[in-house]
Amino acid sequence: MFATVNYTVENQIATIAMNVPKTLNAIHLQMHRDLFAAFTAANEDEAVRCVILTGEGRGFSSGADLSDIDFADRIDYGDYLQDTYNKLLRYMADMRKPVIAAIHGVAAGAGLSLALACDFRLATAEARMTVAFIKIGLIPDAGAHFYLPRIVGLAKALELSMLGSVLNGTEAERIGLVNRTLPEAVFHEEVRAFAQQLARMPALALGKMKEIMYKSLESDLETVLRWEEEGQRLMGRSADHEEGVRAFLEKRFPDFRGR
Ligand code: T3D
């Protein structure tokens, strides 16, 4: 469907797999276009309840495609970010569906930034994660300054960014950079099982929760309490709330419809 991204939908789960294995899924202009189109497709498809972002081959993503850089004809990186990563990052932040980064192999530079912008990170113990930018004289981008300190705390965010050190999945789990590590042999099956669990949850509530949780990072208690009042007012009228309560009282599994 896309030149550099495989996009599939199965059992309410959309999988977006970066697909340039030769460079460990280095991100170039075409991949930016394809990623944006794939995320749009997943977001606009009402049947999709959960999204997995991953990479084909032996890596998640090695970050920006360094072979694309032409120092004889330098582009303005600020403008480039605006047109590419930042467009996608804003779109992902506005999505009301849970997004899982499935990280096997390497996630470096902007590849790791994309994973940080997902709601969950699942990795193999052998995965390698590095902020990497400092190794080529750049600052982190694609939202890493926002997400990294919020996920691992300021001290670790500065350490990982300034040293450009490489963490494996186990170390990343220890500092909260990934939610959990999964055995390599069953990685993709376990990621799908996790996604399936999310896909069965009340989608309206997940979307509202995501919206408030992210907005709360830049707000105050009074404002968040008001968002919760408004949000719960909506959830209280939803069919999923009714189904959840009925299922509890009838001692059966709920069948949530996302309404
Ligand atoms: O454009 C802008 O606005 C600037 C923004 C920049 C954002 C960024 O993401 S900066 C950070 C960019 N990424 C990196 O600096 C990482 C570079 N890659 C590496 O350090 C290593 O390749 C890895 C640690 C990721 C993996 O190492 P390893 O030993 O497993 O694999 P390898 O042999 O190094 O890589 C395999 C192939 O992929 C190799 O090609 P070859 O020799 O087989 O033909 C390698 O050149 C290629 N490759 C890996 N990373 C990139 C890449 N090609 C282009 N761009 C890459 N980022």
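Which residue in strand 3 does Ile16 stand opposite? Ile16 stands opposite Leu53. This is a predicted model, in which local features need pLDDT of at least 70 and side-chain atom pairs count only at pLDDT 80 or more, while totals for chains, interfaces and linings use all residues. Residues are numbered from 1 along each chain as its sequence is written.

**Terms for the sheets**

- Helices (H or I, at least four residues) and strands (E, at least two) are DSSP runs, numbered from the N terminus.
- Two strands pair if DSSP finds at least two bridges between them.
- Strands of a sheet pair through backbone hydrogen bonds, either parallel or antiparallel.

- Strand 1 and strand 2 run antiparallel and are joined by 6 bridges, with Tyr7 opposite Ile16 in strand 2.
- These two strands, strand 1 and strand 2, form a hairpin with 2 residues between them. In the turn, Asn11 has a positive phi of about 50°.
- Strand 2 also pairs with strand 3 (residues 50–55), in the parallel sense and over 6 bridges.
- Strand 6 (residues 120–124) and strand 9 run parallel, joined by 3 bridges. Ala123 stands opposite Thr181 in strand 9.

- Strand 7 and strand 8 run antiparallel, with 3 bridges between them. Arg128 stands opposite Asn168 in strand 8.

**The nonpolar core**

- A residue is buried if 20 or more other C-beta atoms lie within 10 Å of its own, exposed if 12 or fewer, and partly exposed in between, with C-beta atoms placed from the backbone.
- A nonpolar core is a set of buried Ala, Val, Leu, Ile, Met, Phe, Trp, Tyr and Cys residues joined through C-beta atoms within 7 Å.
- The largest such core has 63 residues, and Ile16, Ile100 and Ile103 have the most contacts inside it.
- Helix 8 (residues 187–199) gives the most to this core, with 6 residues.
- Strand 2 is mostly covered, as 5 of its 6 residues are buried.
- Leaving aside neighbours within four places in sequence, the contacts of Ile16 (C-beta atoms, placed from the backbone, within 7 Å) include Val5, Leu35, Phe39 and Val51.

**Around the ligand**

- The ligand is surrounded by 22 residues, the closest being Ser62, Gly63, Ala64, Gly109 and Ala110; a residue is near a molecule if its C-beta atom, placed from the backbone, lies within 6 Å of it.
- Helix 2 (77–83) and strand 5 (106–108) are the elements that give two or more residues to this shell. The largest share, 3 residues, comes from helix 2.
- By class, the shell has 14 nonpolar, 5 polar and 3 charged residues. Ala, Val, Leu, Ile, Met, Phe, Trp, Tyr, Cys and Pro count as nonpolar, Asp, Glu, Lys and Arg as charged, and the others, Gly among them, as polar.

**Single residues**

- Leu24 is found in the loop between strand 2 (13–18) and helix 1 (29–44). Its phi is near 55°, a positive value in a residue other than glycine, and Leu24 is buried, with 21 other C-beta atoms within 10 Å.
- Ala142 lies in the loop between strand 7 (128–130) and helix 5 (144–152). The phi of Ala142 is also positive, near 55°, and the residue is buried because 25 other C-beta atoms are within 10 Å.
- His28, in the loop between strand 2 and helix 1, counts as partly exposed, with 16 C-beta neighbours inside 10 Å.
- Leaving aside neighbours within four places in sequence, His28 is in contact with Asp65 and Asp68. The C-alpha atoms of His28 and Leu66 are separated by 8.7 Å, although the two are 38 residues apart along the chain.
- Tyr80 lies in helix 2 and is partly exposed, with 15 other C-beta atoms within 10 Å.
- Tyr80 and Leu29 are 51 residues apart in sequence and 9.5 Å apart in space, C-alpha to C-alpha.

Notes:
Contact = placed C-beta atoms within 7 Å.
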